[in-house]
Amino acid sequence: MTSPASTLVVTDPTPIPRAAEILTPEALDFLAELNRRFNPARIERLAERTAKRAQVAATGGLDFLPETADIRAGVWKVAPAPAALTDRRVEMTGPASPAKMAINALNSGAKVWLADLEDASTPLWSNVIDAVLNLRDAALGTLAYTSPEGKEYRLRTDAPLSVVVARPRGWHLEESHILVDGEPASGALVDFGLLFFHTAKQLLANGQGPYYYLPKMESHLEARLWNDVFVFAQDYLGVPQGSIRATVLIETIPAAFEMDEILYELREHASGLNAGRWDYLFSIIKYFRDAGAAFVLPDRAQITMTAPFMRAYTELLVKTCHHRGAFAMGGMAAVIPNRREPEVTAAAFAKVKADKTREADDGFDGSWVAHPDLVPVCAEVFDSVLGERPNQLDKQRPEVDVTAADLLDIASANGTVTEAGLRLNLYVAVAYTAVWLSGSGAVAIHNLMEDAATAEISRSQVWQHIHNSVTLADTGNTVTRELVKTILDEETAKLHGEVGDAAFAKYYKPASDLIEEICLSEDYADFLTTPAYELAARA
């Protein structure tokens, strides 16, 4: 399928039956324009990431940028929030495909639904188009689903639906099914472009707007690129400038040093910042993977948000946001209830309540949950702090004074590295990757909602432990390639017994092979999802 712009090719124009409603000639022309104008700059920004990482590896540190000191010291604020986004006390997260999950999220009672085309979604072409279709239908109010058993799912009419804030893929991912001038398109521009083209005007007519979460950024120049995209897109479709609102996930360690600058670049379109805690930990491991033992984190389960370096990160985020009139959004509650096990559910509720209480007391304006049953738990906490107020923008944090050393005090996490943690990392990495290859980007493992971020932490820790010859606290063994291979084989065999032969052969064995390759490699793979995407495309 070729668009009238003739140099855009869709390699699979019918991944789902209604794909033609999304892959229209006009929408494809828009994608072609977005990619021709902005993909070269995207590639430049990615090259800058690599260069900066190399510089940090050589110098051993990060710091606030001297060249942007005037922005940090300046008096300015982001644009006032539209009415639909003034109250974000509870945000439900999850994929926008399949339709059943989208409907449940919209009906969840959360103020906002983060409709995820990124970490909680496998970017299979069918998933991408189905997600856009579901969000288009949701904007029109027609989204519905009937299960094979005859159960009907409809958008509720007895209470407000959640406001949609969609998350496109990060700058690093490509979309192999859209070729522009012979090259794969940017996954971020494909996701944003299709969503904006098909929903922006309808959302504005509904009294809301085209709202987005922006993931994985590492610099204010990447935020500037998004702002350029927004300005062009609004002009292209004749949508008023400033209609778009973007919340940026501060989920990389270099971005933590550029919070002010990121908001400044997006100031006419900015809504807030989010503390993307799991990807943030992944980024720390990735960025300082060869910086020695001082940057080796303990077992993932031992790292809490009360660790001093994590407190520095979240408190700086709240202070920065409120100083600039932007919302500070808390992180994911990964624990999930199990309706068949009341004691597990009670423990999950208690953990979520404690986590959200800390965030609300710190000044966050809202937070994320991954399961509808946790919406009222999070709401109760923020209701008790906010009362009738929609947010806490008035809660400034002048006492917060975070230095570069505070953000980089990784040793403050304390804790240990254990064989039990190593086993769990390998189990989660294989189990998640297998489910990802099957087409689902979010999965419950051991009563935790795992997505790409937690899988990235898991496999990155294994790589880091090998390259730092870490000694395991519970066994005294040194982490070597041989030990990791042995444990990986054992955890893979365990998964084989849990899932059976067919699923194992199709998904779990390829997943285990991939995890073995990237964990044992001398070179570090920047993203697990990049080779996994290539593997899924060949399946």
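Which residues in helix 16 meet which residues in helix 17? This tour of a predicted model begins with that pair.

**First stop: helices 16 and 17.** Select residues 481–499 for helix 16 and residues 501–520 for helix 17. On the helix 16 side, Arg481, Val484, Lys485, Leu488, Thr492, Leu495, His496 and Val499 take part; they meet Asp501, Ala503, Phe504, Tyr508, Ser512, Ile515, Glu516 and Leu520 of helix 17. Grouped by class, this contact has nine nonpolar, three polar and four charged residues. The two axes come within 10 Å and cross at roughly 165 degrees. Angles over 145 degrees count as roughly antiparallel, and the two helices are therefore roughly antiparallel to each other. Their crossing is right-handed.

**Second stop: helices 14 and 15.** Next, select residues 419–438, which form helix 14, and residues 452–467, which form helix 15. Here the axes come within 8 Å and cross at roughly 135 degrees, which makes helix 14 oblique to helix 15. The crossing is left-handed. Helix 14 contributes Leu422, Asn425, Leu426, Val428, Ala429 and Tyr432 to the contact, while helix 15 contributes Ala452, Ala455, Ser458, Arg459, Gln461 and Val462. Eight of these residues are nonpolar, three are polar and one is charged.

Finally, select residues 308–323. Among the buried residues are Phe309, Met310, Tyr313 and Leu317. Glycine 325 follows helix 10, and its phi is positive, near 75 degrees.

Note on methods:
Residues are numbered from 1 along each chain as its sequence is written. This is a predicted model: local features need pLDDT of at least 70, side-chain atom pairs count only at pLDDT 80 or more; totals for chains, interfaces and linings use all residues. Side-chain values use heavy atoms; hydrogens and water are left out. Helices (H or I, at least four residues) and strands (E, at least two) are DSSP runs, numbered from the N terminus. The expected span of a helix is 1.5 Å times one less than its number of residues. Buried means under 20% relative accessible area, exposed over 50%, partly exposed in between (1.4 Å probe, protein chains only). Axes are lines fitted to C-alpha atoms, for helices over the stretch in contact, and angles run from 0 to 180 degrees between N-to-C directions. Angles under 35 degrees count as roughly parallel, over 145 as roughly antiparallel, 65 to 115 as roughly perpendicular and the rest as oblique. A crossing is left-handed if the near helix is turned anticlockwise from the far one by less than a right angle, and right-handed if clockwise. Contact means heavy atoms within 4.5 Å. Ala, Val, Leu, Ile, Met, Phe, Trp, Tyr, Cys and Pro count as nonpolar, Asp, Glu, Lys and Arg as charged, and the others, Gly among them, as polar.
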